[in-house]
Amino acid sequence: MTINAEQRLNTWSALLLSTCIVLLAGESAHAQKKSKYVCDQEKPEAMCTAANTCGSASTPCWINIGRSSSSANVKPGIQDAKNNQFFCVKAGTQVIWRSENESHGFMVSFGTDSPFDPDDPIMGGGKKPVTTKASTPGCYKYDVGAFRSGTVYGMSSGSKPELVILP
């Protein structure tokens, strides 16, 4: 009888141990599964530094919108900026959207809640920069498309960059 009871105890112990391992592995995988979007983080404004903040109350933030063969690219006027990088702007900052290429046009849309004044899609190009003012603090994902003037299939696929408007 003791051998039988010992076997049952070993079986229950092994079952309990394997259940704990499965639960811990599931929690670990859940904890490691983070979003690639800054705006999905708990405090995205904490990611803002002097190195990724564009413009100021006295200096406008210039944002260049370009086009590659397969996507639209947003590059803020920050030293060593990369295409479609996350960046920050303080509320009240004048933001100038432009394209350095005179034959390119662009459209930027924040959907129904644009953080800029005027609250419309931003449409411009190389010969038509668009000036807006950062007004509503928060973290925003936005859609950008760029096109080459005079081409039938010139629209690039859009991109989904992010920015934070600081109070």
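Colleague: In which order do the 3 strands of the open sheet with antiparallel pairing stand?
Modeller: This is a predicted model, in which local features need pLDDT of at least 70 and side-chain atom pairs count only at pLDDT 80 or more, while totals for chains, interfaces and linings use all residues. Residues are numbered from 1 along each chain as its sequence is written, and side-chain values use heavy atoms, with hydrogens and water left out. Strands are DSSP runs of E of at least two residues and helices runs of H or I of at least four, numbered from the N terminus, and two strands pair if DSSP finds at least two bridges between them. The pairing in this open sheet is antiparallel, and its 3 strands stand in the order β7-β5-β10.

Colleague: Why is one side of β7 and of β10 left without a neighbour in the sheet, and what does the twist average from one strand to the next?
Modeller: β7 (122–125) and β10 stand at the edges, and because each has a single partner strand, one side of each is left without a neighbour in the sheet. From one strand to the next, the twist averages 15°.

Colleague: Which residue in β7 is the bridge partner of Gly105?
Modeller: β5 and β7 run antiparallel and are joined by 4 bridges. Within β7, the bridge partner of Gly105 is Gly125.

Colleague: Which strands are the edge strands of the open sheet with mixed pairing?
Modeller: That sheet has 3 strands in the order β3-β11-β9. Pairing on one side only, the edge strands are β3 (87–90) and β9 (138–141).

Colleague: Which residue of β11 is the bridge partner of Gly138?
Modeller: Strand β11 covers residues 162–166 and runs antiparallel to β9, to which 4 bridges join it. In β11, the bridge partner of Gly138 is Ile165.

Colleague: Which pattern do the disulfides of the protein chain follow?
Modeller: A disulfide is a pair of cysteine sulfur atoms within 2.5 Å, and a search of the whole structure finds 3. Cys39 is joined to Cys139, Cys48 to Cys88, and Cys54 to Cys61. With bonded cysteines counted along the chain, the pattern is 1-6, 2-5, 3-4.

Colleague: Is Cys139 buried, partly exposed or exposed?
Modeller: Buried means under 20% relative accessible area, exposed over 50%, and partly exposed in between (1.4 Å probe, protein chains only). Its disulfide partner Cys39 has 18% relative accessibility and therefore counts as buried. At 23% relative accessibility, Cys139 counts as partly exposed.

Colleague: Is the link of Cys54 and Cys61 left-handed or right-handed?
Modeller: Cys54 is buried, with a relative accessible area of 1%, and Cys61 counts as buried at 0%. The link of Cys48 and Cys88, with -85° about the S-S bond, is left-handed. With 100° about the S-S bond, the link of Cys54 and Cys61 is right-handed.

Colleague: Over which residues does pLDDT stay under 50?
Modeller: pLDDT is the predictor's confidence in each residue, from 0 to 100, and the protein chain averages 82, with 74% of the residues scoring at least 70. Where pLDDT is low, the predicted coordinates should not be read in detail. The stretch with pLDDT under 50, for which the model has 0 contacts beyond four places in sequence, is residues 12–32.

Note on methods: Axes are lines fitted to C-alpha atoms, for helices over the stretch in contact, and angles run from 0 to 180 degrees between N-to-C directions. Contact means heavy atoms within 4.5 Å.
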